[in-house]
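Please examine the sequence and the structure shown below before reading on. The explanation that follows is intended to be read with both in view.

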Amino acid sequence: MATRVRPGSKRCAVIGGSGFLGRHLVEKLLDRGYSVSLFDIRQSYELPGVTFHQGDLCDKQALLSALKDVSLVFHCASPAPSSDDRLLFERVNIQGTQTVIQACLDAGVQKLVLTSSASVVFEGTDVKNGKEDLPYAKKPIDYYTQTKIEQEKLVLEACNKPKGFLTVAIRPHGIFGPRDPQLVPTLVDAARRGKMKFIIGDGTNLVDFTYVENVVHGHILAAEHLRADSPICGKPYHITNDEPIRFWDFMSEVLVGLGYAAPRFHLPYTLVYGLALLLWLLTWILHPFMSFKPTFTPMRVALAGTYHYYSCERAKEHLGYKPVVSLKEGIARTVASYPHLRRGA
Ligand SMILES: NC(=O)c1ccc[n+]([C@@H]2O[C@H](COP(=O)([O-])OP(=O)(O)OC[C@H]3O[C@@H](n4cnc5c(N)ncnc54)[C@H](O)[C@@H]3O)[C@@H](O)[C@H]2O)c1
Ligand SMILES: CC(C)CCC[C@@H](C)[C@H]1CC[C@H]2C3=C(CC[C@]12C)[C@@]1(C)CC[C@H](O)[C@@H](C(=O)O)[C@@H]1CC3
């Protein structure tokens, strides 16, 4: 029988707290006076006020020791989106999330905040100012997105006021900032290999890129507004910088900031998408004989050549959300944080 933790207790758990977003979230929670139980399959740092628990989130017993005396859980663990391992995504994002929910119920946790993704509604075609009532993608662009959809449904459906278990999902989009292992490093790697000379499409497509501190702010607001009488229970919330920018302008600002040339030559979107599909097919056919990871996957081409920006009006209205760091400032801080990725470094 679960012992309920005192509501308002400032002890919380961050599942996936060793990752990019997780660590920024942990640091802000500590600033705000929380003590943190961090659960992850790997340890990437140590901090006073953080107790580290190493384990796989599919293991309920391991989770239970991390959730002891915890009233609030943030779940921001996931395999890397660039992986194409369907079984891993299903095991961690679907079965693992069921295990997280069960462990929360067993441990008497009262609030669960999931890091979902705005991509749960993205099918590779334009989304302009998308609101949370858009249907989930019927044809998700990859296994990552497919399993993020199932994960979000599981968490939101688990919201149960009579049982005193409240859930909410945050859907960020295109998170960037210091220590991001994905966006800036991939971009610089492509630039160093001479692959960032081209703009896919006419270059006018608007996209959301969200500075990591704004995403953290959205998570903490959601946790602190999650009460039985609040409209946010069991709902998803887009969290963005609220400043859509042309995809290629964002890429150019980061590249130029790090000393590389901005892309200049235009290529037709359908041609590049077709080539990326062909390449993907070839790597799939040849994967038993050779391993090769193309830079331009169909998913990346779709993200680079379409509109995908989302409304965060609902978060403003229900959570009092407002970005705390502007896009300009976020880009400047990010560029300054990667001296080792500068041209010639
Ligand atoms: N980065 C983005 O642009 C972005 C955008 C929208 C949503 N998200 C979501 O935000 C969350 C955090 O993403 P991130 O960019 O910080 O990724 P990240 O890879 O840096 O962090 C994920 C963490 O999860 C941990 N993890 C993976 N499998 C685990 C398992 N089986 N058990 C325990 N821990 C496990 C990893 O070790 C890692 O520390 C993810 O849920 C992701 O889907 C990310
Ligand atoms: C080689 C270039 C054409 C592009 C190099 C940059 C890309 C690596 C990033 C640009 C947009 C990014 C992005 C994601 C991964 C990295 C990029 C493709 C996500 C798919 C990561 C997972 C998140 O859930 C998605 C989200 O909804 O925010 C990201 C969308 C943007």
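The structure is a predicted model. Its chain contains 11 helices and 15 strands. Computed along the principal axes in the computational sense, the C-alpha trace spans about 60 × 45 × 40 Å. How does the radius of gyration agree with that of a compact globule? A compact globule with 345 residues would have a radius of gyration near 20 Å, and the chain has 20 Å, so the two agree. Of the 345 residues in the chain, 44% are buried. Consider next the contacts in the chain with a separation of 6 or more: residues 24 or more positions apart account for 77% of them.

One part of the chain carries an annotation. In an unreviewed entry, UniProt lists residues 13–264 as "domain: 3-beta hydroxysteroid dehydrogenase/isomerase".

Helix α11, which covers residues 327–336, shows how burial can be arranged around a helix axis. Its buried residues are L327, G330, I331, T334 and V335. Why do these residues lie on the same side of α11? They cover an arc of only 130° around the axis, and therefore they share one side of the helix. On the other side of α11, K328 and A336 are exposed. The buried residues of α11 pack against two helices, α5 and α7 (247–257), and against the strands β8 (175–176), β11 (210–211) and β13 (245–246).

The ligands may now be taken in turn. Around ligand 1 there are 27 residues, of which G16, G19, F20, L21 and A77 come nearest. Helices α1 (20–31) and α3 (86–107) each supply at least two residues of this shell, and the largest share, three residues, comes from α1. By residue type, the shell around ligand 1 divides into 13 nonpolar, 10 polar and four charged residues.

Ligand 2 is surrounded by 16 residues, and the closest are P81, S117, S119, G174 and T186. Here α5 (183–192) and α9 (298–305) each supply at least two residues of the shell. Which helix gives the most to the shell around ligand 2? That helix is α5, with four residues; α5 is also among the elements against which the buried residues of α11 pack. The shell around ligand 2 consists of eight nonpolar residues, seven polar residues and one charged residue.

Methods: Residues numbered from 1 in each chain as written. Chains lettered and ligands numbered in written order. Predicted model: local features only at pLDDT ≥ 70, side-chain atom pairs only at ≥ 80, totals over all residues. Near = placed C-beta within 6 Å. Nonpolar A, V, L, I, M, F, W, Y, C, P; charged D, E, K, R; others polar. UniProt positions renumbered as here; feature names shortened; annotations may be inferred. Buried ≥ 20, exposed ≤ 12 C-beta atoms within 10 Å, placed from the backbone. Arc of directions from axis to C-beta. Contact = placed C-beta atoms within 7 Å. Rg over C-alpha atoms; globule rule 2.2 N^0.38 Å.
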